[in-house]
Amino acid sequence: MSGKNALEDNDFDVEDDATGQDVKEVVSAAWADIRRRLEDQLDERRLQKNIQDYDFDLD
């Protein structure tokens, strides 16, 4: 596509699609989700350890 119908660089404005603030919000949300999952895993491991430590009481 060359000539009059060719797309120019200014036909695509990246800033309209994703602003810096939007990207920061997505990254923040992703980190919050990752942190929540890691904290959930840590809590589960702590509970499992507590159960193993007191497992002898169940026998």
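**View 1. Arginine 36 and aspartate 40 in a predicted model.** Arginine 36 counts as partly exposed, at 43% relative accessibility; buried means under 20% relative accessible area, exposed over 50%, and partly exposed in between, with a 1.4 Å probe and protein chains only. Aspartate 40, at 40% relative accessibility, counts as partly exposed too. The two side chains meet in a salt bridge, 3.4 Å from N to O. A salt bridge is a side-chain nitrogen of Lys or Arg within 4 Å of a carboxyl oxygen of Asp or Glu. Both residues lie in helix α2, four residues apart, about one turn of the helix. Salt bridges with shared partners join Asp33, Arg36, Arg37 and Asp40 into one network. This is a predicted model, where local features need pLDDT of at least 70, side-chain atom pairs count only at pLDDT 80 or more, and totals for chains, interfaces and linings use all residues. Residues are numbered from 1 along each chain as its sequence is written, and side-chain values use heavy atoms, with hydrogens and water left out.

**View 2. Arginine 37 and aspartate 33.** Arginine 37 forms a salt bridge with aspartate 33, and the closest N and O atoms are 3.0 Å apart. Both lie in helix α2, which covers residues 20-53, and they are four residues apart, about one turn of the helix. Arginine 37 is partly exposed at 43% relative accessibility, and aspartate 33 is partly exposed at 31%. Side chains of opposite charge can pair when their charged atoms come close.

**View 3. Glutamate 39 and arginine 35.** A salt bridge links glutamate 39 to arginine 35, with 3.0 Å between the closest N and O atoms. About one helical turn separates the pair, because they are four residues apart in helix α2. Glutamate 39 counts as partly exposed, at 39% relative accessibility, while arginine 35 counts as exposed, at 56%.

**View 4. A nonpolar surface patch.** Val23, Val27, Trp31, Ile34 and Leu38 make a nonpolar surface patch of about 480 Å². Patches are made of residues with over 30% relative accessible area and no salt bridge; like charges are joined within 9 Å, and nonpolar side chains (Val, Leu, Ile, Met, Phe, Trp, Tyr) within 5 Å. Tryptophan 31 lies in helix α2 and is exposed, with a relative accessible area of 59%.

**View 5. The whole chain.** The protein chain has two helices and zero strands; helices (H or I, at least four residues) and strands (E, at least two) are DSSP runs, numbered from the N terminus. Of its 59 residues, 0% count as buried. The chain exposes about 6100 Å², and carbon and sulfur atoms supply 52% of it. Accessible areas come from the Shrake-Rupley method with a 1.4 Å probe; for residues, only the protein chains shown count as cover. A search of the whole structure finds six salt bridges.
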